[in-house]
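Open the structure in your viewer and keep the selection tool ready.

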Amino acid sequence: MGPTLKDATAIAGIGQTPFAKRLPASEKALACQAIVAALDDAGIAASEVDAFASYTMEETDEVEIAKAIGAGDVTHFSKVGYGGGGSCATVAHLAAAIATGQASVGVAWRSRKRGSGPRPWKNTQVQLPTPGQWTRPFGLLRPADEIGMLARRYMHEYGATRDHLFNVALACRNRANQNPAAIMYERPLTREMYMTARWISEPLCLFDNCLETDGALACVVVSAERARDCRQRPVYVHSAAQGLPAQHHGMVNYWNDDPLTGPAWTAARHLWKGADLGPQDVDVAQIYDAFTPLIPLSLEGYGFCGRGEGAAFTEGGALEIGGRLPLNTGGGGLSEAYVHGFNLINEGVRQLRGTSTAQVPDAATCLVTAGEGVPTSALLLRS
């Protein structure tokens with residue numbers, strides 16, 4: 001067997017700005033703040049950074065960021081597509097570059113003013129991309145509409161109910177209520193609030209949808225050997241994967257034999273193949289939650305339960321601290337902040353350092369996933 005990424009690299013530093021509906025600083029300034037904070041967390045000088053990775057949807061670029069923070073010569077830079085599907089892949093790209101000697105200190109980041117900025121689907125002046133020509137003219141104008149359709153299919157096929165979606169929303173809100181950095185800190189959610197909330201795209205109500213946030217986050221990736229000499233306890237990248245299934249159509253999966261079997265299934269097969277661990281060994285998970293139905297779909301895709309069992313998995317406090325699989329312990333995209341899933345990466349690191357505001361006792365393994373429904377990625381982290 002050839003070389004693998006298994007435990008070859010580690011996340012040595014994390015950083016973030018405050019989160020809010022509206023922040024005055026520019027996306028570039030926010031990005032630099034988060035990156036400098038992550039480097040300080042790791043105890044690494046900006047001049048040592050020689051690799052960058054971000055999203056194709058990121059408006060800031062490595063040329064300007066490198067100049068602004070004072071990086072040295074850069075020998076690796078990459079961007080990953082598909083919005084939130086790229087979050088974990090930014091770390092995976094840096095891990096691959098460092099493990100193969102292309103770079104030594106990598107920075108991944110996402111800076112976004114989604115709270116105060118425009119909604120991406122509002123621009124009607126540009127020609128629709130090919131996938132959009134099969135959805136937008138027929139009323140699926142927003143991601144919420146596309147996931148709403150998948151959710152309705154899931155409810156019809158497997159008997160999932162709005163109570164199951166509430167279990168997801170409640171778990172994320174409960175963890176945000178413990179996290180002073182979360183937008184929904186000290187703002188509890190009740191079942192009555194959930195069941196009487198306005199529709200966004202039926203069957204998805206307001207609380208089934210992620211927040212709209214201004215903010216930025218970053219992390220620093222180095223070799224495992226280097227990480228052991230850094231300022232913080234290293235969090236190792238045990239396995240990493242991306243997933244783009246055959247005949248994929250973003251968000252709606254029109255051409256798949258089973259539209260409810262999304263990219264998570266493809267990513268999961270590769271993730272577990274490269275790991276010494278399995279779903280049964282995961283102590284805590286940070287699962288991409290732009291919409292509540294993505295949680296049961298991801299629970300199935302990553303092997304925590306069988307096909308059609310994701311909704312029932314959420315019952316009995318399973319997603320809470322002390323449950324079968326505590327998840328999104330900072331509040332996730334539903335209740336902490338929505339920055340295309342990067343906050344899930346940083347929260348996974350905090351869990352394995354033992355510094356989360358909703359700490360899972362003795363957590364040693366954490367699954368972090370990127371957006372389900374689009375070409376996706378995932379990380380298996382360990383302490």
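Select strand β4, residues 105–113, in this predicted model. Is the strand buried or exposed? 9 of its 9 residues are buried, so β4 is largely enclosed by the rest of the structure.

Now show the side chains of β4. V105, V107, W109, S111 and K113 point one way. G106, A108, R110 and R112 point the other way. Residues on both sides are buried.

Select β2, residues 51–55. It runs parallel to β4, and 3 bridges join the two. Find F52: it stands opposite V107 in β4.

Then select β7, residues 214–223. How many bridges join β7 to β4? There are 9, and these two strands run antiparallel.

Select W134, M149, Y254 and W255. Together they make a nonpolar surface patch of about 410 Å². Zoom in on M149, which sits in helix α5, residues 143–158.

For the last stop, select S239 in strand β8, residues 235–243. Its relative accessible area is 3%, so S239 is buried; the cut-off is under 20%. What does S239 touch, leaving out residues up to four places away in sequence? The list is H270, L271, G274, A275, A378, L379 and L380. Look closely at L271: its backbone oxygen lies 2.7 Å from a polar atom of the S239 side chain.

Methods:
Residues are numbered from 1 along each chain as its sequence is written. This is a predicted model: local features need pLDDT of at least 70, side-chain atom pairs count only at pLDDT 80 or more; totals for chains, interfaces and linings use all residues. Side-chain values use heavy atoms; hydrogens and water are left out. Buried means under 20% relative accessible area, exposed over 50%, partly exposed in between (1.4 Å probe, protein chains only). Helices (H or I, at least four residues) and strands (E, at least two) are DSSP runs, numbered from the N terminus. Two strands pair if DSSP finds at least two bridges between them. Patches are made of residues with over 30% relative accessible area and no salt bridge: like charges are joined within 9 Å, nonpolar side chains (Val, Leu, Ile, Met, Phe, Trp, Tyr) within 5 Å. Accessible areas come from the Shrake-Rupley method with a 1.4 Å probe; for residues, only the protein chains shown count as cover. A salt bridge is a side-chain nitrogen of Lys or Arg within 4 Å of a carboxyl oxygen of Asp or Glu. A polar contact is a pair of N or O atoms within 3.5 Å; within protein, one must be able to donate a hydrogen and the other to accept it, and residues adjacent in sequence count only if both atoms are side-chain atoms. Contact means heavy atoms within 4.5 Å.
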